[in-house]
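Student: Please pick one part of this model and take me through it closely. State the cut-offs behind each term as you use it.

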Amino acid sequence: MERETLLEKYIQGELTEKEWREFDALLKEDSDFKSDVDFHTDLKRVAEAEDDDYFKEMLSDFEAEARTENSIKKRFPTKWLVAASIALIAGLAYFFTVDSSASTQDLFVSNFEPYRNVVHPIVRGEEGQTKKTNAFAAYQTGDYETALPLLDELYTNTKEPYYLFYRANALIELNRAKEAVPLLQQHLKTNDTLVKNSPWYLAMAYLQLDDKENAIKMLQEVIKNGKYKVEEAQKLLDALK
Amino acid sequence: MDNQAVEDLRSDDRLKLKALYNQYRAEFLGFGKRYNLDQDALADVYQEAFLALRKRAINGKLGNIQSSLKTYLFGIGKHMIFDALKEKNRNVSYESNMHLVGEEIAEIELDAMPPLTQEQSLLRKYFKELGEKCRQVLTLFYYRGLNIEEIAQAAGYGNANVVKAQKSRCLKTLRQLINS
């Protein structure tokens, strides 16, 4: 059998017993074949690691989306929840239907939530006092005032693009969307894995700034990308138009 | 095991994956509460367990499992919760509340993945430099275990020959990156 075919079958775990013998023999005799096998085995492991990372991000998006969906429901006054479901539906409609009275600020408040820290998970009780840990610990607990200067400094030192993204999130939460916009625009030009989330937050920043036109543009971008907060963007867009 | 769900886990269908994620999320967070972990920690565990489940699905290791998908997922999660608790050195009697649980969930321990070797880390750096199409074809072939025809279908290529050519081009580029 051709070496190439043998290798491919090996990678996909489809060697028959006879082919295994052939494979083993080649492996012993031929050092070129051995280095080929090593390369393909390494590539398999690398593809797995990359795919896992990609999937982890997807899961963390699912989690973030599940939380916003729940918290939108929770923000209604309790008596509405106790009241008939019609009231609840009407309440939801207030935010999500073609309601020209919904201001950009209302929409901002009911949709914005800073992105979770997925870059540097903090294990509680682990008091490694690195700057990065301090920054993300503060970010995670909602202490954006403390987190911001640390994130600024970390970005200056490392130039890691995700700091742009987290700084912008902190700024939006601190009602400083104007400063967040250029950071997100810069982030969009990088190849950071969080880039797919940036258009949504840029839209949030524009909402806070009452810049309807740009907010709509960004929401359309979110929908076009089809990756993060697609359904939310569609609802928001309907409410804005 | 629910074959349709296993199929969905192996797929790249974001909507189906999200539905599956949400299907057990609330219940898992409720299940985990009794171990005194907060919601963030439990959400992390849930995601880790969900990833482990998907990896098993991709590697074809769920076919022989008799229990339901949910029991299996919760079993993986339970083991991870205990690991998280051990790490925090909490002296909680883990099983003390178990009589409250209607359905006994058996802990399931999975082998941890070995970290990347030095060569693999380097290879990963070059892999990241490949175009999206290349990364997709190589991932589907090497990790997901799809054969050439399946890749042609899944990734919308005209026919198997196009995939074959694409794959060898990508491998060539990768080798060039390494040797450059």
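**Chain B and its side towards chain A**

Tutor: In chain B, 25 residues are in contact with 24 residues of chain A, where contact means that the C-beta atoms of two residues, placed from the backbone, lie within 7 Å. The model is predicted: local features need pLDDT of at least 70 and side-chain atom pairs count only at pLDDT 80 or more, while totals for chains, interfaces and linings use all residues. Residues are numbered from 1 along each chain as its sequence is written, and chains are lettered from A and ligands numbered from 1 in the order in which they are written.

On the side of chain B that touches chain A, at least two residues each come from helix 2, helix 3 (39-58), helix 5 (118-129) and helix 6 (132-143). Helices are DSSP runs of H or I with at least four residues, strands are runs of E with at least two, and both are numbered from the N terminus. Helix 3 of chain B gives the most to this side, with six residues. By class, the side of chain B that touches chain A has 11 nonpolar, six polar and eight charged residues. Ala, Val, Leu, Ile, Met, Phe, Trp, Tyr, Cys and Pro count as nonpolar, Asp, Glu, Lys and Arg as charged, and the others, Gly among them, as polar.

As for the chain behind this side, chain B has eight helices and zero strands. Of its 180 residues, 27% count as buried, a label for residues with 20 or more other C-beta atoms within 10 Å of their own; 12 or fewer is exposed, and in between is partly exposed. Among contacts in chain B with a separation of 6 or more, 63% join residues 24 or more positions apart.

Helix 2 (residues 14-33) of chain B also packs within its own chain. The axes of helix 1 (residues 3-10) and helix 2 of chain B come within 9 Å and cross at roughly 120 degrees. Helix 1 of chain B is therefore oblique to helix 2 of chain B. Axes are lines fitted to C-alpha atoms, for helices over the stretch in contact, with angles from 0 to 180 degrees between N-to-C directions; under 35 degrees is roughly parallel, over 145 roughly antiparallel, 65 to 115 roughly perpendicular, and the rest oblique. Ala5(B), Asp8(B) and Leu9(B) of helix 1 meet Lys16(B), Leu17(B) and Leu20(B) of helix 2. This contact has four nonpolar, no polar and two charged residues.
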